[in-house]
Amino acid sequence: MSAATDKGLFLPLPVDKLPNLAKLIPGSHNEMFVAYWYFPTAHRLSARSGAGGKVTAWSDIFQPAFKNA
């Protein structure tokens with residue numbers, strides 16, 4: 001948590017010396033860090049749950065229709 005919030009802990013990256021940053025996955029880096037590894041997160045709904053509706057965003061799964069999914 002300190003690494004993410006302490007502005008005095010790290011110096012900004014010399015992005016002009018890191019040409020491969022443009023090839024990285026969006027969100028895996030910023031002016032202060034480059035992720036060591038980056039992985040997607042997924043959520044699977046049970047087909048037996050009977051949850052109706054279409055999931056188009058993370059916030060959708062917190063709706064009442066998906067409570068027991």
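How much accessible surface does the protein have, and what share of it belongs to carbon and sulfur atoms? The accessible surface comes to about 6400 Å², and 60% of it belongs to carbon and sulfur atoms. Accessible areas come from the Shrake-Rupley method with a 1.4 Å probe, and for residues only the protein chains shown count as cover.

This is a predicted model, in which local features need pLDDT of at least 70 and side-chain atom pairs count only at pLDDT 80 or more, while totals for chains, interfaces and linings use all residues. Residues are numbered from 1 along each chain as its sequence is written, and side-chain values use heavy atoms, with hydrogens and water left out.

**Overall make-up**

The protein has one helix and zero strands; helices (H or I, at least four residues) and strands (E, at least two) are DSSP runs, numbered from the N terminus. Of its 69 residues, 7% count as buried. Buried means under 20% relative accessible area, exposed means over 50%, and partly exposed lies in between (1.4 Å probe, protein chains only). Among contacts (heavy atoms within 4.5 Å) with a separation of 6 or more, residues 24 or more positions apart account for 2%.

**Residues in the segment after α1**

The helix α1 covers 2-5, and F39 lies in the segment after it. K7, S28 and V34 are also placed in the segment after α1.

| Residue | Relative accessible area | Class |
|---|---|---|
| K7 | 70% | exposed |
| F39 | 54% | exposed |
| V34 | 39% | partly exposed |
| S28 | 6% | buried |

S28 counts as buried because its relative accessibility is 6%. The S28 side chain makes a polar contact with the side chain of H29 at 3.4 Å. A polar contact is a pair of N or O atoms within 3.5 Å; within protein, one must be able to donate a hydrogen and the other to accept it, and residues adjacent in sequence count only if both atoms are side-chain atoms.

Leaving aside residues up to four places away in sequence, V34 touches L13, L21, L24, S28 and H29. K7 and M32 are 25 residues apart in sequence, and their C-alpha atoms are 9.2 Å apart.

**Surface patch**

Which residues make the nonpolar surface patch? Y36, W37 and F39 make this patch of about 510 Å². Patches are made of residues with over 30% relative accessible area and no salt bridge, where like charges are joined within 9 Å and nonpolar side chains (Val, Leu, Ile, Met, Phe, Trp, Tyr) within 5 Å. A salt bridge is a side-chain nitrogen of Lys or Arg within 4 Å of a carboxyl oxygen of Asp or Glu.
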